[in-house]
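This report looks at a sheet, the helices on it and the nonpolar core. The sequence and structure come first.

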Amino acid sequence: MSNAPLVKTPTAAHDAARTHVKFDPQPGAALAPRAPFQATEAPQMAAQGLWKRYFKGRVEIPVLRGVELEVRRGEFVSIIGQSGSGKSTLLHLLCTLDVPDQGEIRFQGQRIDNVSARRRDQLRNKELGMIFQFYHLLPELTALENVLSPLLIAEGAWSYFRRRREHLERAKELLDRVGLSHRLKHRPRELSGGEMQRAAIARALVAGPEVLLADEPTGNLDTRTGEEILTILRSLNESQRLTVIMVTHDRAIAAQADRTVRLAQGQMEIA
Ligand SMILES: Nc1ncnc2c1ncn2[C@@H]1O[C@H](COP(=O)(O)OP(=O)(O)O)[C@@H](O)[C@H]1O
Ligand SMILES: [Mg+2]
C-alpha cells in the first residue's frame with residue numbers, strides 16, 4: 001500500500017502558466033475539499049470490455065474493441081489517441097451520453113451504462129461534469145445564466161427559484177475562481193475562446209460533480225490560453241481532489257496529468 005502523492009511536481013510550463021491565471025487554489029465555501037485518496041479504494045470510474053461500433057449505411061465502423069479503464073477518486077488521467085481513434089466516443093459513453101454495444105461502465109461501484117433516462121439526466125446534471133472543445137454554451141444566455149442552467153434543469157423551476165440566492169452566490173463564486181467575474185453578463189459571442197472555456201468549466205462544476213470529463217478542453221485555444229485552462233483543471237484536481245478524465249491529442253498537454261493512457265486500434269494501452 002503506498003501513500004505516494006498522486007499529484008506530480010508541477011512542470012516549469014505549468015508554473016509559468018500559473019502566473020497568467022487568476023485562480024485561488026484554496027478551497028472556497030462552495031467547493032469543499034474531498035476525503036483524502038486511499039490507495040486501496042475501488043475505482044471511482046471503471047470501464048470493462050467496452051465495444052462500440054457505428055454504421056455508415058451498411059458499412060460497419062468498429063471504434064472501441066474491448067476498452068478497459070479504471071480511474072480512482074482524485075486521479076487526473078489523460079487519454080490520448082489519434083484523431084478518429086474513438087476518444088470522444090469513449091468519453092460520451094463514460095458520461096452516459098451514449099450506450100456501449102457491449103461491456104459495462106461503473107461509477108462508484110454502480111453500473112451506469114444501462115440505467116434509466118431519468119438516472120442518466122441526474123448523473124449528467126449533478127454527478128458528472130462535462131467540458132468540450134467547442135464549449136457548448138447556450139448562445140442566448142449570459143455567462144452567469146449558462147453556469148446556472150444545470151441547476152435549473154436538475155432542480156426544476158420551483159426548487160430552483162426558492163434557492164435562487166444561494167445558487168447565484170455559488171455560480172458567481174465559481175466564475176470568480178475561473179477568473180471570469182468581470183464577464184458575468186456577457187453572452188458567448190462576446191467572450192474569447194478561453195473565456196468561453198472558463199464559463200464552461202464553471203458550469204460543469206456548479207452542481208458539485210464527483211468527476212470532471214473533459215473532451216479536448218484546450219483543443220481550440222492558443223498555447224498560453226490552453227495552459228491557463230489546464231492550470232485551472234490541475235488546481236481543481238489538487239485542491240478539491242476532483243477526479244479529472246481528460247481527452248487530448250496533444251502529448252504536452254497530456255503529460256501534465258498524473259497518468260496517461262492511449263487509445264489505439266480500439267483498445268487501451270499504457271502510454
Ligand atoms: N455518429 C457516428 N456515426 C458514424 N461514425 C461515427 C459517429 N461518431 C463517430 N464516428 C466515427 O468513429 C470514429 C471515432 O470517432 P471519435 O470518437 O469522434 O474519435 P476522436 O474523438 O478520437 O477523434 C471516427 O472514425 C468517426 O468518424
Ligand atoms: Mg474527439
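The model is predicted.

## The six-stranded sheet

The sheet is open and has six strands. Their order is E6-E7-E8-E3-E9-E10, and the pairing is mixed. Strands of a sheet pair through backbone hydrogen bonds, either parallel or antiparallel.

Two strands stand at the edges: E6 (128-131) and E10 (267-270). Each has a single partner strand, so one side of each is left without a neighbour in the sheet. Direction ignored, neighbouring strands are turned by 20° against each other on average.

E6 and strand E7 (residues 211-215) run parallel, joined by four bridges. One residue pair to inspect is Ile131 with its bridge partner in E7, Ala214. Helix H6 packs on the sheet and touches both E6 and E7. The direction of H6 makes about 170° with that of E6.

## The nonpolar core

The largest nonpolar core holds 65 residues. Those that touch the most other members are Leu94, Val147, Leu175, Ala202, Val206, Leu213 and Ile245. H6, residues 193-205, gives the most to this core, with seven residues.

What is Leu94 in contact with, leaving aside its neighbours within four places in sequence? The partners are Met45, Ala47, Ile105, Leu213 and Ile245.

How values were computed
Residues are numbered from 1 along each chain as its sequence is written. Chains are lettered from A and ligands numbered from 1 in the order in which they are written. This is a predicted model: local features need pLDDT of at least 70, side-chain atom pairs count only at pLDDT 80 or more; totals for chains, interfaces and linings use all residues. A nonpolar core is a set of buried Ala, Val, Leu, Ile, Met, Phe, Trp, Tyr and Cys residues joined through C-beta atoms within 7 Å. A residue is buried if 20 or more other C-beta atoms lie within 10 Å of its own, exposed if 12 or fewer, and partly exposed in between; C-beta atoms are placed from the backbone. Two residues are in contact if their C-beta atoms, placed from the backbone, lie within 7 Å. Two strands pair if DSSP finds at least two bridges between them. Axes are lines fitted to C-alpha atoms, for helices over the stretch in contact, and angles run from 0 to 180 degrees between N-to-C directions.
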